[in-house]
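Hi,

Here is the structure I said I would pass on. Have a look at it first, and then read on for what turned up when I went through it.

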Amino acid sequence: MTASKTGFFTHRDCSMHEMGPGHPECPARLDAIHDRLLVSGVADLLDHREAPPAPLADLELAHDRMHIAALRGLSDWLIEEELAGGPPLVQVDTDTSMNRHTWKAALRSAGAALAATDAVIAGELENAFCSVRPPGHHATRTKAMGFCFFNNVAVAAKYALQRHNLKRVAVVDFDVHHGNGTEDILAGDERALMVSIFQHPFYPYSGDQNPAPNMLNVPVPAYTKGMDVRDIVEMMWIPRLEAFKPEMIFISAGFDAHRDDDMGQLSLNEQDYTWITMRIKDVARRFSGGRIVSCLEGGYVMGPLARSVEAHVRVLADL
Ligand SMILES: [Zn+2]
């Protein structure tokens with residue numbers, strides 16, 4: 001058997017971050033994914049790698065120093081307070097909170113994307129999936145929100161441009177929610193192209209316009225079906241990606257647009273995720289030397305999440 005060309009990056013710290021009882025963005029999500037990949041045999045065919053913590057200097061490629069320092073300060077405060085019987089959680093946004101493990105988990109999530117980028121650019125791997133939490137695509141340059149602290153994909157995209165001197169990178173986002181944070185960080189940077197599709201009007205109620213020429217937002221109404229999403233990908237995303245000729249593609253891989261995920265009201269299924277991944281992979285093969293780094297974003301119902309990730313990873317790994 002030849003060595004796998006698809007990396008699988010994760011870290012146990014990613015399961016230590018919790019936002020309280022009943023919160024949908026929970027550690028069980030990663031367990032469900034890992035179980036599914038094990039049972040299906042897919043896990044045996046991937047190159048498993050431990051996510052390192054992201055260096056703060058690399059987070060600063062996408063985030064304001066004050067944002068990073070504020071999160072670190074809150075983490076230090078929580079750890080001190082917990083020893084003194086203080087609260088286990090501190091709220092940073094209406095739906096987003098930190099426990100004493102969040103800082104480490106957020107560094108590992110971003111670090112996974114960075115290490116995957118290094119390995120793919122070095123040619124050790126053709127592509128990679130980062131099975132990490134917290135997710136990233138709502139985190140703006142200055143703000144944690146929508147279950148996100150650092151924007152894993154945007155940090156890695158900037159890193160590929162700045163540290164590896166790539167000239168053009170694309171970000172593809174198929175989460176049910178608009179990736180407002182990625183847009184905030186990448187809009188106006190002509191070295192990056194972001195294409196996305198998301199339910200609208202819906203949280204975070206942005207993306208109905210393109211703030212810069214390097215953004216292609218495609219808002220779609222609730223109950224849009226997989227076939228219609230495929231048409232949009234074919235007619236709008238693919239020509240833009242082909243014209244841009246990215247040297248590397250990053251995927252914000254949220255699976256909450258699945259029809260059985262009650263977080264949103266779109267109607268994708270596993271076959272749609274297979275098809276979308278194949279189309280992205282085809283662009284990567286033609287223009288990007290096959291280079292793809294995909295990072296988990298949303299997906300909140302365990303069965304559909306795990307099956308959809310399996311479908312996605314099977315395409316990445318040619319299984
Ligand atoms: Zn989402």
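At the start of α3, a side-chain oxygen of Asp64 comes to within 2.9 Å of the backbone nitrogen of Met66. Bear in mind throughout that this is a predicted model. The helix itself, α3, covers residues 65–83, which makes 19 residues. From first C-alpha to last it reaches 28 Å, close to the 27 Å expected at 1.5 Å a residue.

Which residues of α3 are buried? They are His67, Ile68, Leu71, Ser75 and Leu78. These five sit on the same side of α3, because the arc they cover around the axis is only 105°. As for what the buried residues of α3 pack against, the list is α2 (56–59), β3 (90–93), β4 (96–98) and α4 (102–121).

On to the core. The largest nonpolar core has 95 residues, and its largest share, 11 residues, comes from α4. Inside this core, the residues with the most contacts are Phe9, Val169, Phe174, Trp237, Ile249 and Phe250. In soluble globular proteins, nonpolar side chains tend to be buried together.

Two of those names, Ile249 and Phe250, take us to β9 (residues 248–253). With 6 of its 6 residues buried, β9 is largely enclosed by the rest of the structure. Both of its faces are covered: Met248, Phe250 and Ser252 are buried on one side, and Ile249, Ile251 and Ala253 on the other. In a regular strand the side chains alternate between the two faces of the sheet.

What does Phe250 touch, if you leave aside its neighbours within four places in sequence? Its contacts are Thr117, Val153, Ala156, Ala157, Ala160, Val169, Ala170, Val171, Val172 and Val293.

- β9 pairs with β6 (residues 169–173) in the parallel sense, over 5 bridges, and Ser252 in β9 stands opposite Asp173.
- β9 also runs parallel to β10 (residues 292–296), again joined by 5 bridges; Ser252 has Cys295 as its bridge partner in β10.
- β10 pairs with β5 in the parallel sense over 4 bridges, with Val293 in β10 as the bridge partner of Ala128.
- β5 pairs with β1 (residues 6–10), also parallel and over 4 bridges, and Phe9 has Cys130 as its bridge partner in β5.

So much for the order of the strands; β5 deserves a word of its own. Asn127 and Phe129 point one way from β5, Ala128 and Cys130 point the other way, and all are buried.

Now for the loops, where there are a few backbone details to check. The peptide bond from Arg133 to Pro134 is cis, with omega near 0°; Pro134 lies in the loop between β5 (127–130) and α5 (152–162). Another cis peptide bond joins His200 and Pro201, with omega about 0°. Pro201 belongs to the loop between β7 (192–199) and β8 (215–220).

Tyr205 is also in the loop between β7 and β8. Although Tyr205 is not a glycine, its phi is positive, about 60°. Is Tyr205 buried or exposed? At 57% relative accessibility, Tyr205 counts as exposed. Asp318, in the segment after α9 (302–316), has a positive phi near 60° and is likewise a residue other than glycine. Asp318 is exposed too, with a relative accessible area of 53%.

With a relative accessible area of 14%, Asn269 is buried. A polar atom of the Asn269 side chain lies 3.1 Å from the backbone nitrogen of Gln271. Neighbours within four places in sequence aside, Asn269 is in contact with His258 and Arg259.

Cheers

Technical notes:
Residues are numbered from 1 along each chain as its sequence is written. This is a predicted model: local features need pLDDT of at least 70, side-chain atom pairs count only at pLDDT 80 or more; totals for chains, interfaces and linings use all residues. Side-chain values use heavy atoms; hydrogens and water are left out. Helices (H or I, at least four residues) and strands (E, at least two) are DSSP runs, numbered from the N terminus. The expected span of a helix is 1.5 Å times one less than its number of residues. Buried means under 20% relative accessible area, exposed over 50%, partly exposed in between (1.4 Å probe, protein chains only). The arc is that of the directions from the helix axis to the C-beta atoms. Contact means heavy atoms within 4.5 Å. A polar contact is a pair of N or O atoms within 3.5 Å; within protein, one must be able to donate a hydrogen and the other to accept it, and residues adjacent in sequence count only if both atoms are side-chain atoms. A nonpolar core is a set of buried Ala, Val, Leu, Ile, Met, Phe, Trp, Tyr and Cys residues joined through side-chain atoms within 4.5 Å. Two strands pair if DSSP finds at least two bridges between them.
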